Amino acid sequence: VETIRFLTWPICQRCGNPIPQMGLSHACRSNHSYLAGIRSVAAHQPPLAQAVHALKYQGLRALAEPLGDLLAQHWRLGPLPVEVIVPVPLHQARRRQRGYNQSLLLARAFGRRARLPLREDLLTRERNTRSQVGLSREERWANVWGAFRCRSSDLEGAHVLLLDDVMTTGATLEACASPLLQAGARQVWALTLTRAISRQRS
């Protein structure tokens with residue numbers, strides 16, 4: 001069972017709304033997981049959930065910088081043993097429609113602060129999957145499995161950090177980790193800005 005420690009950070013000086021920060025524990029994964037672990041900055045709840053939504057769906061790209069700074073602050077509490085950042089990719093059609101990949105914007109902002117190299121084109125989304133919103137856990141896994149491909153074979157022994165905005169079930173992160181390991185990565189960790197928390201969890 002995961003233990004969650006709560007601290008509070010203001011998202012900005014103007015609003016000062018507290019963000020309940022998760023501790024440095026990792027989301028529990030099964031023995032069949034492709035991920036070494038998943039860490040998230042905070043629960044997917046206000047005010048951070050609204051900021052993520054505005055970045056993702058309302059075109060407020062400038063939010064990537066303060067949110068990347070939030071990721072970096074969390075990172076400094078306990079860096080993971082990784083060497084390179086890989087953002088979770090969007091399919092080309094979705095990226096053209098939205099105009100950008102919010103995970104890539106976050107990865108760029110975070111990478112500059114954490115001083116980690118970024119591989120933007122290492123992982124591609126080959127299948128234009130439907131939105132995960134509203135899908136059951138099983139539907140989420142079926143929707144994204146096999147949708148990603150690693151474009152390089154020079155990852156032998158690498159320790160990779162996957163970066164995304166939100167984790168719900170971890171299905172997308174697992175589907176990304178599998179081809180990275182097949183390409184030779186030794187370990188794949190994941191870092192997300194927020195994580196959906198079950199209402200049943202205390």
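Trainee: At what angle do the axes of helix 2 and helix 4 cross?
Mentor: The axes of helix 2 (residues 64–76) and helix 4 (residues 102–114) cross at roughly 50° and come within 8 Å. Helix 2 is therefore oblique to helix 4; angles under 35 degrees count as roughly parallel, over 145 as roughly antiparallel, 65 to 115 as roughly perpendicular and the rest as oblique. Axes are lines fitted to C-alpha atoms, for helices over the stretch in contact, and angles run from 0 to 180 degrees between N-to-C directions. Helices (H or I, at least four residues) and strands (E, at least two) are DSSP runs, numbered from the N terminus.

Trainee: What should I know about the model itself?
Mentor: This is a predicted model, in which local features need pLDDT of at least 70 and side-chain atom pairs count only at pLDDT 80 or more, while totals for chains, interfaces and linings use all residues. Residues are numbered from 1 along each chain as its sequence is written, and side-chain values use heavy atoms, with hydrogens and water left out.

Trainee: Back to the pair, then. Which residues of helix 2 and helix 4 meet?
Mentor: Ala 64, Glu 65, Leu 67, Gly 68, Asp 69, Leu 71, Ala 72, Trp 75 and Arg 76 of helix 2 meet Leu 105, Leu 106, Ala 109, Phe 110, Arg 112, Arg 113 and Ala 114 of helix 4 (contact means heavy atoms within 4.5 Å). This contact is made up of 10 nonpolar residues, one polar and five charged.

Trainee: Which residues of helix 2 are buried?
Mentor: They are Ala 64, Leu 67, Gly 68, Leu 70, Leu 71, Ala 72, His 74 and Trp 75. Buried means under 20% relative accessible area, exposed over 50%, and partly exposed in between (1.4 Å probe, protein chains only).

Trainee: And how many residues of helix 6 are buried?
Mentor: In helix 6 (residues 171–182), 10 of the 12 residues are buried, including Leu 173, Glu 174 and Cys 176. Just after helix 6, Gly 184 has a positive phi of about 115°.

Trainee: New topic: which residues does a cis peptide bond join?
Mentor: The cis bond joins Pro 46 and Pro 47, with omega about 0°. Pro 47 is placed in the loop between strand 3 (37–43) and helix 1 (48–57).

Trainee: Last one: is Arg 115 buried or exposed?
Mentor: Arg 115 counts as exposed because its relative accessibility is 77%. Arg 115 lies in the loop between helix 4 and strand 5 (123–125). Its phi is near 60°, a positive value in a residue other than glycine.

Technical notes:
Nonpolar A, V, L, I, M, F, W, Y, C, P; charged D, E, K, R; others polar. Expected span 1.5 Å × (residues − 1).
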